[in-house]
Structures are given as structure tokens and as C-alpha cells.
There are 2 protein chains.
Amino acid sequence: MKIAYDCQGGDHAPHAIVRGALKAKTEDIEPVFYGDRDALIEIDGVDPEHIVHCSESILQEESPVVAIRRKKDSAIVRALADLKKGEVDGVVSAGSTGALLAGGMFIVKRKEGVERAALPVILKVGSQTKLLLDVGANVDVDPSTLLSFGHMGRDYLRRVEGVEDPTVSLLNIGTEEGKGNRQVKEAYELFKESMPNFVGNVEARDVLFKSPDVIVSDGFSGNILLKGMEGVIGYVQESIKTQLAGDMPSDVKRQIVDIMRNMLGQLDYQRYGGVPLLGLEKPVFKVHGSSDEQAIVAATERLVKMVQTM
Amino acid sequence: MKIAYDCQGGDHAPHAIVRGALKAKTEDIEPVFYGDRDALIEIDGVDPEHIVHCSESILQEESPVVAIRRKKDSAIVRALADLKKGEVDGVVSAGSTGALLAGGMFIVKRKEGVERAALPVILKVGSQTKLLLDVGANVDVDPSTLLSFGHMGRDYLRRVEGVEDPTVSLLNIGTEEGKGNRQVKEAYELFKESMPNFVGNVEARDVLFKSPDVIVSDGFSGNILLKGMEGVIGYVQESIKTQLAGDMPSDVKRQIVDIMRNMLGQLDYQRYGGVPLLGLEKPVFKVHGSSDEQAIVAATERLVKMVQTM
């Protein structure tokens, strides 16, 4: 199996990407590195035959659609084109989410019957692995699109995460049937009719700790929820750090650090390595821009599972 | 000035409500208690002439619109009707938010030119007092309604909180112009044209600590954001509490409790006593169901300011 790595995107590219890829390499997994040949060849352990030189690169601030159309020799476009042609089996990228999504839709294309590709977030809380989707790829959606998100989420959890018969819910402002805006109310009817294991609405406050396996949302609300939670988590971390900088016995400090680590560990869904782009014909995995070596290893494991079960 | 207190709603009614009202009482502020005469008359300090006996009460789980129409002798309906007639100057209630909103619109009515009444949340962070609205009263809105929310928010902050020329923003999934769903994109144009001190989009992660004074949202996204943040805060509190229950020297425990209190204090917007219903002809203040005496005092102070500046 060949895995393409975008070695241009992300804060620690190309080194962290390459080192992660080499760590994830096995007899069955062969990495292919897309990026600047001169830089890649310098990195220990890179086989020059596994480099695909790219002369352009897509920047975070570029318009995704324009960048995908114009920068034909960027790592994202080349890797996705090779994926489409079958020369590689999956793509890992820490680059622009927008460009990867646009490229996924224009180059790799959607699976038959899928209206819109979706960007989920994987929430691993305690022993539960769940999926909130969409979190930003689709901001204006029909109720029928929400239904397809539910199916994609169930499908991913079953195939890749081994969750048996995942439960599905709709993100809403109340749990009772009949709550919500027009879009969600209509979606509720569709889900009730045809979604296996649909368990109703879930409120934002229960998404982390008391929710079903799949939480379906339009990309606008999903993004707002995710970033709102991240904002509070970031504040908690900042506040504790500031207070720990003050005068304090070292054993107290140590215990506080332990408590914080326990608490925040539960919330650390980034640990997971990234998220799959759902609804595409072939597997594409987006890792966080700040991904380190370990995140690339985790992403590769997920991607391999996607390839094997697709 | 006469302030009507709904003595039926809330977890600690009627005692906490009445005690708070009596504490907030001054020469200029006369409380009027709406509820069960027999229960009210038993409470120390209640002047029987200040009781308006109500034989019915609206329950949390009732349909707000139906309850308002049917239960004419409930505290909420009687107090709002007296407000409309000018027999009292403002209403404080810890009862059903939905019933209070429905009653506000049907009985008190909206201010001229106001399309929809809004439910904001007051976020007091550091020295900044800000308003996120709407958080659940209006789930399907037009861009022009969002514009009116911006005006109402500015107006309230200026009049009641003394914020000079408040800045206004739109809750969105990115800060750049052109981001967001159809609704927000259209609203952006309207805000750019006519909203004083409009500073653009704000992302959910910045709402608590790096946002302008007024954050405008439809009631669906606003509710999702608020509850999502509450979910994380609740988890942080729970997790710390559980860990503190473990074996630990008492001085360490004390320091951890201090640190947590500092941290969570910043997030504790409930301390504020509640939220005004915006866009109504006369002042109505909704306090949290779990409000204690102190929350009622704080709410009364806010309400008095609203009456004085309306």
C-alpha cells in the first residue's frame, strides 16, 4: 500500500511529516513524499525514489478553490491526482483544510450518491470514540444532506473505529422532538423515518460527555460548537499556566499539574491525529497544522484502516 | 418605582425571591409579590398589601404559548399584565424562559419597530461587560433581524451598563469578510452599511476573551455556543471536584481550590443575576432558575437601571 504525504503543509513540515511517515512505515506501507526534492533528500532515511518533487505550494491564506485550480504542481494537487489515478492509496496532509476539501471534491471526487463531502471531528472521550460532523465544510445544507452526514458518520465509525451499530443524533437546542430551527425540525423527520439507531436530539452541553456516537450538524453550528469548546479549554490551560508561574511550593505545583493533565487529557481530541474527509471516493486524512511526528503516525494508522475497509 | 416579583418560578421560590426583593428594597423601590398569598404571608418582612394572590402557576415543562394563554391567574401572566397597564414598572422572574418570552411578546408587546424580542446572555469577563444575543428566543431569523439584535445589544450596554459606544460583531466561523453561511454573509453587508462601530466577524473561540462588546447570532447558533461552553466548564468543575475528593494534603487542596476559584470566577457569568428580555416595551428581567437571594438583588439593580433609562 502506498501512502502519499503532503510535505508542504503544517507548522513542522517537512521534518515532522517525514519522520512520522518513516516511523509508520512497515513492509506493507510505503510512503511517498510530495514536496521540495532538495529539502526532502536531506532528511535521514528518505529514499530518493519515494520523492515526488513539487515546485509550487499552497499557502494557508490562499482561496482554496483558486489555489487548487492554479497550483497544479503543489503537493496537495499532485498527491490527490495520484490518488485518483490509483498510483497511491491514500493521502495525509497537514495543509490548508479548505484546499484539501476543494481538491478532494474536484480531483478525487465524491462517492456515488454522496451530495457533499463532510469534515468531521473525532471526539475520543473515555472509552467512546465519536464523530461530530460537519464542522465547517458545508455551512448551507438541506435536511437531506444532514441525513447523508449521519450515514457517513455511522459508516466511518463502524468500518474504521470498529464501533458496532453506532447511535446517531442531531445537534439541537433542546432534546424534545419539535425543538430547533426549520432545518433541524425537517431533518428530524427524515432521521426518524430512515436512520438506523437514531436516538433523537442532543444538546451542545452534552456533546462531550453524554452524547450518542454520531452527532450531526450543519457546518456552521458544528464549527461554532467546536471552537466555542476549544476557546474554554484554551482559557483553562492559559489560566492554570499563569497561576502556576506564581510563587508556590513545588509539591503543590506538581499535584496541580497532575490534576490538570488528568482533566485535559479527556478533552484532548487532537491526540487522535486528525480527521478523515468523508464522502470521497478514496481516503484522504487531514491532520492538524501543528501536528508532530506522533500525530502523523496516528493519522497513518487511521488512513490504512480506511484503505483496507473502503 | 414598583417592581413585580414572580414568586412561583425558580428552584428556591418563593423564599429566595422574596428575601432578595426585600434586600433590594429602598425608599424608592417597592416590591410587589405575585404568588400564593398563604405562603407569602408567612415570610418575615412581607407586607400583606404588597401581595398579589395568584391561584395558578406555570410549570417548566408546559408549552409556553399555551400556558400564557390559559393560565391567566399565574404569577407571570398577572405580573406582565400589570406591567403593561403601568401598575408596576418592571418584572423579575425565575420561571420558564419560554413562558416569560411568550408573555413578553403577547402581553407587554414589542417596542415599535422591533421585529423580534431577543434573549441575550451577559458575559462579564475581566472588566468587560458584553452581550451575546440571541441565545435561543429566535432560531429562524432574517439578516435584518440580526441587525436589530445588534442595535438592541448596543442600546442595552450603553444605557444600563454604561459602556460607551459599544463595538458590535457577528458570530461566524472565520474572521474574514465573505466567511459564513448565507444568512451571516447577507447580514455582514447590512451591518457594514449601517451598524455604528461594527468591527466584523468574531469566531466562537474568541467570544469569551477576545471579542467586541456585542456579539450577534441567530438563536440557534448562539444557544449551541453558550451550552457548548457551559458543557466544558461543567466538566472542568466536575473533574476537579472528583480529583479533590482523593487523598491529598489539606494545604495542597486549599491551594488548588483557590486556583480553581480564580479560574472559574472569570467564567461565572451567572453571578450577574440574569438577563434582560430585549426589544419589549417595558423592562422584564429573567433570572436563572437556581437564583439565590443575591442573584435577585443583582437582577433588581439591573432592572431599576432599565426602568430609569427606558
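Start by selecting B:D165 and B:R154, whose side chains meet in a salt bridge at 3.0 Å, N to O (a salt bridge being a side-chain nitrogen of Lys or Arg within 4 Å of a carboxyl oxygen of Asp or Glu). B:D165 sits in the loop between helix 6 (143-159) and strand 7 of chain B, and B:R154 in helix 6, so the pair ties together parts that are 11 residues apart in sequence. Helices (H or I, at least four residues) and strands (E, at least two) are DSSP runs, numbered from the N terminus. B:R154 is buried, with a relative accessible area of 5%, while B:D165 is partly exposed at 43%. Here buried means under 20% relative accessible area, exposed over 50%, and partly exposed in between (1.4 Å probe, protein chains only).

The model is predicted: local features need pLDDT of at least 70, side-chain atom pairs count only at pLDDT 80 or more, and totals for chains, interfaces and linings use all residues. Residues are numbered from 1 along each chain as its sequence is written, chains are lettered from A and ligands numbered from 1 in the order in which they are written, and side-chain values use heavy atoms, with hydrogens and water left out.

Next, select B:K192 and B:E177, a salt bridge with its closest N and O atoms 2.7 Å apart. This pair links distant parts of the chain, 15 residues apart: B:K192 is in helix 7 of chain B and B:E177 in the loop between strand 7 and helix 7.

Move to helix 4 (residues 75-85) of chain B, where B:D82 and B:K85 lie 3 residues apart, about one turn of the helix. They form a salt bridge at 3.6 Å between the closest N and O atoms. B:D82 counts as buried at 9% relative accessibility; B:K85 counts as exposed at 57%.

Now show both chains. The contact (heavy atoms within 4.5 Å) takes 43 residues from chain B and 44 residues from chain A. The area buried between the chains is about 4,000 Å², of which carbon and sulfur atoms give 71%; buried area is the accessible area (1.4 Å probe) that two parts lose on being put together, summed over both. Select B:I173, B:F220 and B:Y235, which supply 17% of the area that chain B buries against chain A, more than any other three residues.

Finish with B:K227 and A:E203, a salt bridge across the two chains with its closest N and O atoms 2.3 Å apart. The count between chain B and chain A is 4 salt bridges.
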